[in-house]
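Try each task before you read its solution.

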Amino acid sequence: MLLETEAKNLFALLNPRLVPGAGLVIQFIAATPGEGTSTLSRDFALVASQHTRYPVLLLNLDLNDSAHEQSFGDLVRQPADTVDPLARPAAIDAGLLYQAGGHDRDYRLDFIATGNSALYYSRLRGYKPDALYLANSPDFWSAARERFVLTIVDSPPASASFDGISVSGSMDAVVIVVAAEATRAPVVASLSERLRAQDAPLIGTVLNKRRFYIPQRVYQWLERL
């Protein structure tokens with residue numbers, strides 16, 4: 001619930017213009033694993049889809065993470081007639097985003113509808129993670145902007161992959177996700193510098209997983225009751 005509230009507050013703060021044919025691409029990225037990037041990205045995409053009837057995409061760049069597919073499983077299994085087929089976004093060539101090494105070229109990028117909703121999430125099929133590398137073609141992001149009013153990019157942590165940093169210069173906005181009381185300031189500063197080196201449009205940092213402590217004097221007051 002806390003992350004959902006943060007996502008609503010962040011959406012209200014950013015107030016992105018959801019214009020068909022001129023979509024925006026917003027990236028979420030963290031320095032290290034476990035900072036809540038995927039959850040915040042997913043909640044933000046859900047909030048955005050509630051503000052438009054046009055397609056919104058949650059694009060997962062972490063090929064080893066299936067959290068979104070697991071989360072949306074029940075919605076995907078809803079009857080097909082709950083989604084207007086005319087509203088489905090056209091496919092985008094997976095080769096514009098990924099390139100395969102060797103002979104492993106039988107892969108495709110699907111956009112999966114989440115029930116009767118404007119939200120879609122990406123799923124890459126028929127691939128081996130160690131046989132693909134990010135191509136980051138400008139044509140892919142142009143196609144995404146044409147087909148989706150908003151694309152939310154859930155990036156792998158910078159300490160595990162350079163992919164998120166490499167695409168950051170193609171974004172309309174980049175948000176760093178930081179786990180409160182877990183990530184040291186120099187680590188965040190280093191990630192910020194690496195993003196700026198890519199000319200990333202860094203707009204701020206979200207402090208995630210905050211803890212609210214009860215002052216000792218409140219405990220003492222409760223003990224007297």
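**Exercise 1: Leu46**

Leu46 counts as partly exposed because its relative accessibility is 27%; the partly exposed class lies between buried (under 20% relative accessible area) and exposed (over 50%), using a 1.4 Å probe and protein chains only. This is a predicted model, where local features need pLDDT of at least 70, side-chain atom pairs count only at pLDDT 80 or more, and totals for chains, interfaces and linings use all residues. Residues are numbered from 1 along each chain as its sequence is written, and side-chain values use heavy atoms, with hydrogens and water left out.

**Exercise 2: Asn136**

Task: work out whether Asn136 is buried or exposed, and what its side chain reaches.

- Step 1: find Asn136 in the loop between strand E6 (132-134) and helix H5 (138-147).
- Step 2: Asn136 has 17% relative accessibility, so Asn136 counts as buried.
- Step 3: follow the side chain of Asn136 to the backbone oxygen of Ser166, at 3.2 Å.
- Step 4: beyond neighbours within four places in sequence, check the contacts of Asn136, among them Leu96, Trp141 and Ser170.

Note on methods. Helices (H or I, at least four residues) and strands (E, at least two) are DSSP runs, numbered from the N terminus. A polar contact is a pair of N or O atoms within 3.5 Å; within protein, one must be able to donate a hydrogen and the other to accept it, and residues adjacent in sequence count only if both atoms are side-chain atoms. Contact means heavy atoms within 4.5 Å.
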